[in-house]
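Let's take a quick tour of aromatic rings and pockets. Have a look at the model first, then read on.

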Amino acid sequence: VRVTLLAGGVGGARFALGLLDVVGAAAVTIVGNVGDDVELLGLHVSPDLDTCLYTLAGVVHPEQGWGVEGDTREALGVVGRLGGADWFILGDRDIGLHLVRTERLRRGEPLSRVMADVAARMGVGARLLPATDDRLRTRVLTDDGELGFQEWFVGRRAAPPVRRLRFAGTPGARPAPGVLQAIADADRVVLAPSNPFISLDPILAVDGVRAAVQARRADVVAVSPLIGPRAVKGPLGEMLDALGHERSPLGVARYLAPLAGRFVLDQADAGHADRIRALGVEPVTAAALMRDAAARRRLAEAALT
Ligand code: FO1
């Protein structure tokens, strides 16, 4: 089976690991979020794509879920001592990737080609596509004004409540080569257990992507990023509250119902199954916490049944 996975950061990357285990790397295309990309110290950083890359290459920092395991911060230490911006942690090895990517982008290469090349060199067998090669940036409207995504997420620790999100560059951002076809041709399209507002929506905001996913609704399965009222990682719970949605897997299923015909939720949330079915979405219960390889594999299998 060919599977196309729409994925954000840590949750998406961990789910991808299980998926590769079940169907093999060659069968998987990941369409990754670039809304949280950021230019820092002259470098182009693509956190969500890199999280997928490092995870699948087996070098991700295991506790953080992002960045490189065992990385050092010598360069960033110098940046700080010299009065440069050091609020966003860039490890030394991570910076190596940013240097190569930034130079190639500056020479006019598309991000999709740079990432394909880097992924191949790192031994990643799955196809990792940015949703778009065009500039798309998530902007967070708060009571303190509009912030860039990382400015809000890292700089402000995701504390100011989100009033609205905006994806600068859309409409008009074109899907990267292969994105629409990967959605159209897959046997199954999976919406990863990623934050729907800041990981999935910026992918879906790319021209033609939402319509392409909707056209496959019967074969689209979403995996809940919430267990009970809590996100496994990240600020989704607070965002559901702030944006006026129910803070539960049902709230997420309702939000994704126009796109996904099936919804995988944790066994502990089985009480929501009937109300999910009433949305026209087939509920599938599974153990949703991806604590180890076996758990990731079982969750991927549940999503593909
Ligand atoms: N997350 C943080 O909470 N603090 C950081 O300083 C930080 C740096 C960073 C550098 C490279 C990278 O690929 C990811 C990084 N992240 C950091 C994670 C990232 O901000 C978020 O996890 C995603 O953007 C949200 O999916």
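Phe153 is a handy place to start: with 32% relative accessibility, phenylalanine 153 counts as partly exposed. Keep in mind that this is a predicted model. Phe153 also turns up in both topics below, as part of a ring cluster and among the residues closest to the centre of the largest pocket.

**Aromatic rings**
- You'll find five aromatic pairs in the structure.
- Tryptophan 87 and phenylalanine 88 form an edge-to-face pair, because their ring planes sit at 70 degrees, with the centres 5.7 Å apart.
- Within that pair, tryptophan 87 is partly exposed at 36% relative accessibility, while phenylalanine 88 is buried at 11%.
- Tryptophan 152 and phenylalanine 153 have ring centres 6.3 Å apart and planes at 45 degrees, so this pair is tilted.
- Tryptophan 152 is buried, at 1% relative accessibility.
- Phe149 joins Trp152 and Phe153 in a cluster linked by ring pairs.

**The largest pocket**
- This pocket holds about 860 Å³ of space.
- Its lining has 43 residues, and Gly9, Val10, Asp48, Phe153 and Lys233 are the closest to the centre.
- Helix H2 contributes the most to the lining, with five residues.
- By type, the lining splits into 22 nonpolar, 14 polar and seven charged residues.

**The second largest pocket**
- Here there is about 180 Å³ of space.
- Fifteen residues line this pocket, and Phe149 is one of those nearest its centre.
- Strand E3, strand E6 and H6 each supply at least two lining residues.
- The lining is made up of four nonpolar, four polar and seven charged residues.

Terms used
Residues are numbered from 1 along each chain as its sequence is written. This is a predicted model: local features need pLDDT of at least 70, side-chain atom pairs count only at pLDDT 80 or more; totals for chains, interfaces and linings use all residues. Side-chain values use heavy atoms; hydrogens and water are left out. Rings of Phe, Tyr and Trp (its six-membered ring) pair if their centres lie within 6.5 Å; planes under 30 degrees apart count as stacked, over 60 as edge-to-face and the rest as tilted. Buried means under 20% relative accessible area, exposed over 50%, partly exposed in between (1.4 Å probe, protein chains only). On a 1 Å grid over the protein atoms alone, a cavity is a set of points where a 1.4 Å probe fits but cannot get out, and a pocket is an open set with protein on both sides within 12 Å along at least five of seven lines; lining residues have an atom within 4 Å of a point. Grid points are joined across faces, edges and corners, and a volume is the space filled by probe spheres set on the points. Helices (H or I, at least four residues) and strands (E, at least two) are DSSP runs, numbered from the N terminus. Ala, Val, Leu, Ile, Met, Phe, Trp, Tyr, Cys and Pro count as nonpolar, Asp, Glu, Lys and Arg as charged, and the others, Gly among them, as polar.
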